[in-house]
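Visitor: I am new to this structure and would like to go through it step by step. Please show it to me.

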Amino acid sequence: MLQILFILTVIIMTSSELSYTDARTNFSIKVEDNITGEDGLCIIVFCVVTIPESVSDPIRTTWFKGDPQNLSVEVSNFNRNIGFLKNKKECSFSINQLVQGKSDGEYRLKLEWGEGNVYIFPQTVNITVKELTQKPTINVPLLTAGEKAEISCKVPGDCLLPLADIVWTGIRPNNTRLGARGVPGRSEHFSIMTFYPKPEHHNTELTCTVTLQGRIRTESTVILKVRHSPVILNSSRCFVWGDELRCMCVSSAVPSPQISWPVLKDSTKHSSAVSVEENISISNISIPGFSKVSATVECVSENLIGATKMELQVHNHAERPQEISYSLSTPWILFTLSFVLNVIFASCLIVIVVRRREKCMKPVDDNHVYMTAMKREESVYETIKMS
C-alpha cells in the first residue's frame, strides 16, 4: 500500500518534473523545479538521480542553498531506495518548519564519494513560501449521549516533526493525547480528545486551535450533533374543556422523536396534529365525550436511541358556574325587595330636587348681564407691569 502511494505521488509530480542529464559525466537528475509551501508547514521534494558506473558507494547526497563554496543552508535528504536499479539513487528531501522570507530560494544537489570526489548538479529547485491557508482537520464520529467518544484534530500539512501546540475549546474533555501516523517522508500529527457527550452538548461549537512555531495560529470549528433518547418536557399537559379532552405532549430528542397516545386505542372519535421543529416534536389530541376529570393520560415518545413515557394529570380547564339555589326563605326575599325599592325611591327623589333647583335659578330676562364669580386669570405680563 505504501509503495502504491509513493508511485501515485511520483506520477502526479511528473507534470512539473524536469530531467537533466550531464552528457560529459553521465550524471542525471529527475526532480520538480518549482515547489510552493506554506509558512509554518513543510515540503517534500521527490528526486531520483542516475550515477555512472564509475561512482561507487558510499555516496553522500546533500541539498543546499547559496554558494557551493559557502553554503548558507544544508538540507538532509532521506533515502528509501525501494525498487531502484543499482545505478539509480533516491535523492528526495524535506524541509520542516518553513519560514516565509527565510526558507525561500534555489536549492541544488551535491554528491560526494570516495576521497574528495564532488559533483554538483546545475539543475535547481526553486522553493516559494506563502502565508498559511490550511486549517486543522477535525474528525468527529457519530456521537450518542452517554457513550464514550473520541474526536481528533489533525495538524495542517504532513510534516515529520511539526512544531505545533494544539488546544481544544468549547467542551471540557475528560482526557487528551497526542498521536502520529504516516509513511516515510510524510506524517500526520493530531490530538485526540475523549469525552462523554450529553444531550446539552447538541449544537455545541467545538474549536481546535493549532499554533505552529509559536507564532502562526490557525483553527477549525465544528458543531456537534449528539444523538439522545427522548425527554418529555414539563410543558406537556392535559385538560377537559366542557366534555372534550385536550392534551399536548412536547418531547425533545435527536433524531426527532415520534409521539403516541395509548388512550387513543380506546377512542373511536378523536383528532390529532403533530409538528416538528429543531428536534422538538409537539403532538396535540382532542377526544370528545371525555368526563374523567381526575384521570391520567399517558404520553409515549421514542426514537432510534430509546423511549420514554409520562403520565399527564387531567385538569378541569374551566369549571362550570354553580346553579342558583331556589331554597331561599321568604324573609330574605322580602328584605331584598324592600331594599331595592328604597334605592329606586331615593334616586327618583334626588332627581326631582335637582330639577327644581335648576328651575329657580333660571333668569327672567335673558338679556340681563350677570357678573361671573370666577376669577379672571392674570397674564404674567400684566403682573410684571403692575409691579
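Visitor: How many helices and how many strands are there in the chain?
Guide: Bear in mind that the model is predicted. Helices and strands are counted apart in the chain, and the count comes to three helices and 27 strands.

Visitor: What share of the residues in the chain is buried?
Guide: A residue counts as buried when its relative accessible area is under 20%. The chain has 387 residues, and the buried part of them is 35%.

Visitor: In which strand does serine 252 lie, and is serine 252 buried or exposed?
Guide: Serine 252 belongs to strand β22, which covers residues 244–254. The cut-off for buried is under 20%. Because its relative accessibility is 19%, serine 252 counts as buried.

Visitor: Which residues is serine 252 in contact with, leaving aside its neighbours within four places in sequence?
Guide: Contact requires heavy atoms within 4.5 Å. With those sequence neighbours set aside, the contacts of serine 252 are His228, Ser229, Pro230, Val231, Pro257, Asn279 and Ile280.

Visitor: How many aromatic pairs does the count come to?
Guide: Ring centres must lie within 6.5 Å to pair. By this rule the count is six aromatic pairs.

Visitor: What kind of aromatic pair do tyrosine 119 and phenylalanine 121 form?
Guide: Their ring centres are 4.9 Å apart, and the angle between the planes is 90°. Planes over 60 degrees apart fall in one class, so the pair of tyrosine 119 and phenylalanine 121 is edge-to-face.

Visitor: Which residues do ring pairs link into a cluster?
Guide: Tyrosine 119 and phenylalanine 121 are both buried. Ring pairs join them in a cluster whose members are Phe27, Trp113, Tyr119 and Phe121.

Notes: Residues numbered from 1 in each chain as written. Predicted model: local features only at pLDDT ≥ 70, side-chain atom pairs only at ≥ 80, totals over all residues. Heavy atoms only, no water. Phe/Tyr/Trp six-rings, centres within 6.5 Å; stacked < 30°, edge-to-face > 60°. Buried < 20%, exposed > 50% of the residue type's maximum accessible area, 1.4 Å probe, protein only. Helix = DSSP H or I, 4+ residues; strand = E, 2+ residues; numbered from the N terminus.
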